[in-house]
Amino acid sequence: MTKAAALDYAPYGITVNAICPGYTQTSIFGDAPEQAMAFFAKDCPAGRIGRPEECAWLALFLASDLARYITGAAIPVDGALSAGHQNISTWQNPEIRAGSNRT
């Protein structure tokens with residue numbers, strides 16, 4: 001949708017981008033136990049949960065003239081989660097790591 005809108009509106013000088021937040025400390029976590037919060041922080045390669053203002057800073061930049069040629073982009077603000085840190089070498093299942101077949 002972002003790319004389609006960017007193509008439609010580019011001739012008018014209107015930019016369209018998507019901000020894709022990762023784990024961000026917002027009210028969605030509510031009264032989540034500390035153990036859950038620690039899991040999310042540990043799961044993130046940056047080792048922490050993001051702050052809402054980190055997404056806001058990107059929005060401010062994209063709304064500025066500094067970003068007038070950036071359009072059609074989906075930009076992660078996720079502490080490298082989307083960089084693909086979960087792969088076979090990080091899995092903790094010894095059967096998968098050893099290559100055994102389950103039947």
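Predicted model: local features only at pLDDT ≥ 70, side-chain atom pairs only at ≥ 80, totals over all residues.
Part of the surface is a nonpolar patch of about 360 Å², put together by Y9, Y12 and I14. Y9 sits in helix α1 (residues 2–9), and its relative accessibility of 41% is why Y9 counts as partly exposed, since that class lies between 20% and 50%.

As for the overall layout, the chain has four helices and two strands, and these run along the sequence in the order α-β-α-α-β-α. Of its 103 residues, 19% count as buried. Among contacts with a separation of 6 or more, 65% come from residues 24 or more positions apart.

With 12 residues at 1.5 Å a residue, α3 should span 16 Å, and its end C-alpha atoms lie 17 Å apart, which agrees. Its buried residues are E54, C55, L58 and L62. Looking down the axis of α3, these buried residues fall within an arc of 100 degrees, so they line one face of the helix. The buried residues of α3 pack against both β1 (18–21) and β2 (74–77). Turned away from that buried side, the other face of α3 carries the exposed residues W57, L60 and A63.

Notes
Residues numbered from 1 in each chain as written. Heavy atoms only, no water. Patch = residues over 30% accessible without salt bridge, like charges linked within 9 Å, V, L, I, M, F, W, Y side chains within 5 Å. Areas by Shrake-Rupley, 256 points an atom, 1.4 Å probe, with all protein chains shown as cover. Salt bridge = Lys/Arg side-chain N within 4 Å of Asp/Glu carboxyl O. Buried < 20%, exposed > 50% of the residue type's maximum accessible area, 1.4 Å probe, protein only. Expected span 1.5 Å × (residues − 1). Arc of directions from axis to C-beta. Contact = heavy atoms within 4.5 Å.
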